[in-house]
There are 2 protein chains.
Amino acid sequence: MSLTTPYYLIDKSKLLINMEKVARLRELSGARALLALKCFATWSVFDFMREYMDGTTSSSLNEVRLGHERFGKETHAYSVAYADYEIDEVVSHADKIIFNSIGQLDRFADRAAGIVRGLRLNPGISSSSFDLADPARPFSRLGEWDVKKVEPVMDRISGFMIHNNCENGDFDLFDRMLGTIEEKFAPLLKRAEWVSLGGGIHFTGENYPLEKFAERLKRFAGEYGVQVYLEPGEASITKSTTLETTVLDLLDNGKHLAVVDSSIEAHMLDLLIYRENAKLSPNTGQHRYMVCGKSCLAGDIFGEFDFEKELKVGDRISIQDAAGYTMVKKNWFNGVKMPAIAIRELDGNIRTVREFSYADYETSLS
Amino acid sequence: MSLTTPYYLIDKSKLLINMEKVARLRELSGARALLALKCFATWSVFDFMREYMDGTTSSSLNEVRLGHERFGKETHAYSVAYADYEIDEVVSHADKIIFNSIGQLDRFADRAAGIVRGLRLNPGISSSSFDLADPARPFSRLGEWDVKKVEPVMDRISGFMIHNNCENGDFDLFDRMLGTIEEKFAPLLKRAEWVSLGGGIHFTGENYPLEKFAERLKRFAGEYGVQVYLEPGEASITKSTTLETTVLDLLDNGKHLAVVDSSIEAHMLDLLIYRENAKLSPNTGQHRYMVCGKSCLAGDIFGEFDFEKELKVGDRISIQDAAGYTMVKKNWFNGVKMPAIAIRELDGNIRTVREFSYADYETSLS
């Protein structure tokens with residue numbers, strides 16, 4: 001059967017490329033790698049990913065439960081803030097809980113005494129090129145930064161999470177920032193048993209110096225006597241998935257426009273939030289089109305791309321690199337048909353794991 | 001029972017204020033008013049709204065079905081593009097179908113021959129202050145603008161939809177733009193039986209000159225012999241709803257920060273997309289706080305507000321004006337607890353119409 005577009009298509013053979021790099025990094029460095037569910041939480045491929053990763057990390061009760069129940073292995077709980085009524089359930093699903101603030105630690109340390117406890121540190125530097133996503137932005141609420149304030153709570157915690165990389169594909173920048181972190185937080189790191197360096201490090205990208213990265217992590221671990229964790233989100237799933245769409249209409253308004261049966265706002269939200277273009281491949285050819293979504297939003301535009309042939313209604317357009325921060329943010333804006341989720345198995349067969357119906361739309365409201 | 005935050009709270013007594021203005025406008029002007037489901041589709045209050053409005057308009061198959069089944073009365077179908085496999089079902093739910101392009105009209109006119117057919121016109125001017133939301137932006141895909149191209153298809157259509165107002169609270173601007181539309185499209189308007197002037201006109205706002213607006217609509221209707229439609233979205237539900245949140249943590253990072261149990265990206269997405277601040281009321285007092293969401297996003301910030309008292313964990317913060325383009329776009333980013341939906345009835349009682357569970361989160365993926 002041929003699945004109707006739109007659908008997200010996760011290709012396990014492409015996912016495998018990332019997974020093998022993750023596994024190799026773990027082996028070389030001794031660091032453990034936890035999938036960041038905030039980026040990717042499509043649990044039908046967790047059985048596959050579990051062989052290559054140590055577990056998951058989370059940013060809410062829902063995510064920590066999903067990680068625990070669907071992925072298993074090691075489960076980290078982090079959240080900017082937990083509510084009183086949810087903390088016990090969070091603890092029940094986690095091996096380790098990382099509080100965002102001393103305030104949250106004070107509030108919940110006792111109720112989390114049965115598991116490993118940690119604290120988020122904010123080094124005040126980051127690799128983010130977007131203020132919106134910069135954890136080190138002025139007045140950031142993400143983590144504690146004052147060594148003098150943290151030292152008195154060391155009796156209740158055994159480690160730290162420091163997440164200040166964002167889509168960082170530059171090893172030297174990572175290296176320099178880690179150096180700054182060491183200078184700044186050495187007194188704390190020396191007393192820690194574990195340190196998570198968070199996500200945002202694009203170490204599965206092409207030409208990333210995996211060996212140097214592994215060596216740096218190993219050296220850091222040795223220097224402070226800590227177990228290092230990484231929390232790869234995008235790095236785990238990069239280039240593994242497409243959003244499959246179909247051309248519904250063609251217009252000529254000074255440019256050639258192709259309207260597809262999807263929407264950036266509904267299905268690839270970060271393109272809208274960060275004002276970025278989608279990726280198409282190949283993107284060479286004589287026929288340039290602006291590829292537009294079908295929502296009412298004037299700016300619902302995937303980007304302008306060069307096609308080999310003139311497009312016609314019914315043509316397939318595959319939006320590349322559609323795994324990270326897409327399915328976890330999809331929404332019913334305009335009631336646009338929700339993309340199904342399908343998996344291309346290693347043998348090439350495509351298996352549909354979720355289709356969305358009118359009932360799903362209707363019950364998203366009330 | 002006290003409902004756990006976060007939740008959207010729709011207050012019927014406040015909704016009633018808008019509904020009475022809508023009803024008055026209809027009476028004064030003869031125009032018909034259709035609720036724009038893309039803005040607000042919480043169907044539990046449709047029974048209430050139905051008494052004051054003529055029906056609904058839609059931007060997809062899902063929306064037109066919801067309008068038909070849950071609201072009833074007159075049902076307009078519009079979409080930037082329909083797919084072949086859905087057009088028959090769209091037609092089955094609609095009284096009127098408005099095509100976005102001549103291409104779509106050519107493709108589907110026959111299959112829609114049993115209902116009233118129309119076309120979207122783009123006058124090339126708008127009141128939008130956001131390029132993202134501006135239907136008249138360069139290369140816009142929204143509607144036909146060339147009279148010479150439209151004239152030959154008049155045998156298949158009987159009216160038009162023109163939507164070029166966006167949060168327009170300025171009657172004089174509306175009046176001037178309608179004048180331009182008349183100049184530009186007079187040959188088409190004279191042959192039409194109905195014209196929808198779309199949404200985006202903030203005629204339920206305080207001090208809006210409702211009588212002058214009604215007179216202008218009536219004059220337009222008379223001049224061309226058309227039934228006028230309006231498609232109020234925000235105007236229908238403005239100021240009717242709050243997003244109820246609770247303070248989970250307080251931090252001092254150069255500013256006083258309060259973290260609440262919600263997230264702009266997950267629950268009030270337009271604040272993020274348009275980089276706007278939420279509204280709080282009252283917003284006067286000696287104690288200034290930056291109110292932040294609990295997602296991992298550094299820029300998940302509702303805004304800075306002045307409170308009467310120092311905040312403490314557990315305090316309630318009510319985000320104002322949370323009906324439009326919020327519930328229809330809510331999503332599971334970070335797995336943040338999805339706000340319930342509750343209605344304050346006219347007698348003051350609060351009725352919860354939808355709560356979301358872990359199972360809802362888990363089945364949003366697969």
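Select B:Glu167 to begin. This residue sits in the loop of chain B that runs between strand 7 (159–162) and helix 7 (171–189). Look at its backbone: phi is positive, about 45°, although B:Glu167 is not a glycine. Keep in mind that the model is predicted.

Next, colour three elements of chain B: strand 3 (55–58), helix 9 (234–237) and helix 11 (269–273). Each of them gives at least two residues to the lining of the second largest pocket.

**Two cis peptide bonds**

Stay in chain B and go to B:Pro282, in the loop between helix 11 and strand 12 (287–292). The peptide bond joining B:Ser281 and B:Pro282 is cis, with omega about -5°.

Now move to B:Pro6, in the segment before strand 1 (7–11) of chain B. Here the bond from B:Thr5 to B:Pro6 is cis, and omega is near 0°.

**The two chains together**

Zoom out and show chain A and chain B. How are the two copies related? A rotation of 180°, with 0.0 Å of shift along its axis, places chain B on chain A with an RMSD of 0.0 Å. The copies are therefore related as by a two-fold rotation axis. Both use the same surface, since 100% of the contact residues of chain B recur in chain A.

Select the residues in contact between the chains: 89 of chain B meet 89 of chain A. Together the two chains bury about 7400 Å², and 56% of that area is on carbon and sulfur atoms. To see where chain B contributes, pick B:Phe139, B:Arg141 and B:Ser366. These supply 12% of the area that chain B buries against chain A, more than any other three residues.

**A salt bridge across the interface**

Finish with charged side chains. Opposite charges on side chains can pair when the charged atoms come close. Select A:Lys294 and B:Glu86, whose side chains form a salt bridge with an N to O distance of 3.6 Å. How many salt bridges cross the interface of chain B and chain A? The rule finds 6. Over all chains, a search of the whole structure finds 56 salt bridges. A:Lys294 is in the loop between strand 12 (287–292) and strand 13 (301–307) of chain A, while B:Glu86 is in the loop between strand 4 (74–79) and helix 4 (87–93) of chain B, so this pair joins two chains.

Notes. Residues numbered from 1 in each chain as written. Chains lettered and ligands numbered in written order. Predicted model: local features only at pLDDT ≥ 70, side-chain atom pairs only at ≥ 80, totals over all residues. Heavy atoms only, no water. Least-squares fit on C-alpha atoms with pLDDT ≥ 70 in both. Contact = heavy atoms within 4.5 Å. Helix = DSSP H or I, 4+ residues; strand = E, 2+ residues; numbered from the N terminus. Buried area = accessible area lost by both parts, 1.4 Å probe. Salt bridge = Lys/Arg side-chain N within 4 Å of Asp/Glu carboxyl O.
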